[in-house]
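Dear colleague,

I am handing over the structure below, and my notes on it follow. Please read them with the coordinates open.

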Amino acid sequence: MEQSMNELMNHTADMGQAQMFSKDWYNEYFRRAAESATHSRFCEAVYGRDLCQHGMMDVDEMEFLTSLLKPGAKVLEIGCSNGHISEHLHEHSGCDILGLDYADAAVAQAKARTQGKAGLDFQVADLIHDPLPGNGYDTILSIDSIYFMGDYNKTLIKLNGKLKPGGRMIIAAFQAREDDEPENLLQAGYTRMDQALQSLGFNYVQHDFTANVRKHWLKNYEYSRTLQDDFAAEGNAFLCEARMAENGWFKDHAERGSLVRFLYVIENNPGLY
Ligand SMILES: C[S@@+](CC[C@H](N)C(=O)[O-])C[C@H]1O[C@@H](n2cnc3c(N)ncnc32)[C@H](O)[C@@H]1O
């Protein structure tokens with residue numbers, strides 16, 4: 001797991017629940033979130049639209065991402081959760097999406113909700129242990145899921161191998177910096193993702209969504225507290241605690257200016273097959 005996520009998990013190690021970000025934990029999260037009116041209000045307030053999100057992509061970033069996806073393009077989305085984002089992207093760009101996630105409860109929700117919709121499909125897959133289905137994708141999309149796949153270099157090679165020639169990966173990812181880490185880690189061209197992409201010889205561009213992600217975490221922090229009683233009244237304190245467990249850490253980084261975010265658009269590298 002990416003180093004910043006490890007630091008976050010150490011921070012949340014004693015929550016008394018299934019380990020944060022495990023399959024069981026995500027299943028519980030999405031089982032509850034899909035039924036929770038308060039979670040919908042939280043997402044609407046924090047992201048600007050309720051798509052049952054658990055990442056950091058706000059409506060501006062989502063709109064920009066949509067503009068990159070072409071009608072009829074064959075897209076593989078990794079870490080799609082219960083598919084609301086996939087469905088939104090499909091409806092607004094016309095691309096076809098196969099979404100993968102290891103949270104089988106979330107995938108079941110996505111499949112049930114979108115049954116009969118051509119151009120949308122979902123499968124359970126563990127991104128670390130299972131082979132990726134299919135090949136010849138125009139685009140492989142990862143919204144705040146790349147951290148969970150282990151080593152960035154290995155992951156990029158695995159994803160690159162599933163692209164068609166001329167295809168691309170689109171990866172949305174944050175980078176945080178601790179005091180003992182290099183000063184330039186937060187600069188475009190120097191994040192851990194940049195380092196992995198450059199070491200593998202990828203051509204790519206990166207779009208800066210740092211201002212968005214910093215605002216996101218301030219709102220995430222604020223609304224988890226504003227809505228805490230409403231979550232509890234629904235019997236969904238779990239959802240609120242889940243948000244609070246991470247948003248203190250991220251808000252601190254946002255306020256210290258030690259958090260950045262980029263959308264990396266990466267050309268297929270045929271030299272890596
Ligand atoms: C931070 S959430 C992001 C969800 C969604 N993309 C969004 O932006 O709201 C990470 C997602 O990755 C999934 N995930 C984490 N580890 C995984 C793994 N090893 N295999 C498959 N999915 C995984 C989780 O179940 C979760 O849905």
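Is Phe64 buried, partly exposed or exposed? With a relative accessible area of 26%, Phe64 is partly exposed, where buried means under 20% relative accessible area, exposed over 50% and partly exposed in between, with a 1.4 Å probe and protein chains only. Phe209, at 10%, is buried.

This is a predicted model, in which local features need pLDDT of at least 70 and side-chain atom pairs count only at pLDDT 80 or more, while totals for chains, interfaces and linings use all residues. Residues are numbered from 1 along each chain as its sequence is written, and side-chain values use heavy atoms, with hydrogens and water left out.

There are 19 aromatic pairs, counting rings of Phe, Tyr and Trp (its six-membered ring) whose centres lie within 6.5 Å, with planes under 30 degrees apart taken as stacked, over 60 as edge-to-face and the rest as tilted. The ring centres of Phe64 and Phe209 are 5.8 Å apart and their planes stand at 50 degrees, so this pair is tilted. It links distant parts of the chain, 145 residues apart, with Phe64 in helix H4 (residues 59–68) and Phe209 in the loop between strand S6 (204–208) and helix H9 (210–226); helices (H or I, at least four residues) and strands (E, at least two) are DSSP runs, numbered from the N terminus.

Leu76, in strand S1 (residues 74–78), is buried at 0% relative accessibility. The C-alpha atoms of Leu76 and Asp121, 45 residues apart along the chain, are separated by 9.7 Å.

Best wishes
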